[in-house]
Amino acid sequence: MRAPGKLVKMEKSLPDVMGDICDPEESRVAFVRDLFGRLGEKWSMRALDELAHGPLRFTALMNALPGISHRILTVTLRTLESDGMVSRTAYPETPPRVEYALTPLGESFLCRALSMVAWAQDHQQEIETHRAARR
């Protein structure tokens, strides 16, 4: 564990990686914000988490996500597929069978996202304490 107030040395700073992070017109910043918005959305993260256990058919995925509607799952999967996070495989069978699976890109993202989830859980009490002090 690091000493309080001591910053961790990073290989690159955010401005090095993303450009001027204060410039909302910067295309790389806009792209990252858009992607984080899409992937951080409630159902996207939950769908990715379920697919981390292996490919699933639409109905099995829907059953694993209580409360999601058919339409929202369809939109979520299409968005994840368009971003390259999820693959859709249709099998030429009767009845038709479609499976969704994480792609290598989706696995890579999920590994990093899970480390952020762990960080948030590790610091939840500290963050809640700061939030309560501001009320």
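Which strand does Ala101 lie in? Ala101 lies in β3, and the legends below start from there. This is a predicted model, where local features need pLDDT of at least 70, side-chain atom pairs count only at pLDDT 80 or more, and totals for chains, interfaces and linings use all residues. Residues are numbered from 1 along each chain as its sequence is written, and side-chain values use heavy atoms, with hydrogens and water left out.

View 1. Strands β2 (residues 86-91) and β3 run antiparallel and are joined by six bridges; strands are DSSP runs of E, at least two residues, and helices are H or I runs of at least four, numbered from the N terminus. Two strands pair if DSSP finds at least two bridges between them. Five residues sit between β2 and β3 in the hairpin. Look for Val86 opposite Leu102 in β3.

**View 2. Ala101 and its surroundings.** Ala101 is buried, at 17% relative accessible area (buried means under 20%, with a 1.4 Å probe and protein chains only). Leaving aside neighbours within four places in sequence, Ala101 touches Leu51, Pro55, Met85, Val86 and Ser87 (contact means heavy atoms within 4.5 Å). Ala101 and Val86 are 15 residues apart in sequence, yet 5.5 Å apart C-alpha to C-alpha.

**View 3. The largest nonpolar core.** This core has 22 residues, and Leu48 and Val86 have the most contacts inside it. Such a core is a set of buried Ala, Val, Leu, Ile, Met, Phe, Trp, Tyr and Cys residues joined through side-chain atoms within 4.5 Å. Helix α3 gives the most, five residues. Beyond four places in sequence, the contacts of Val86 include Leu48, Leu77 and Tyr100.

Terms used: Buried < 20%, exposed > 50% of the residue type's maximum accessible area, 1.4 Å probe, protein only.
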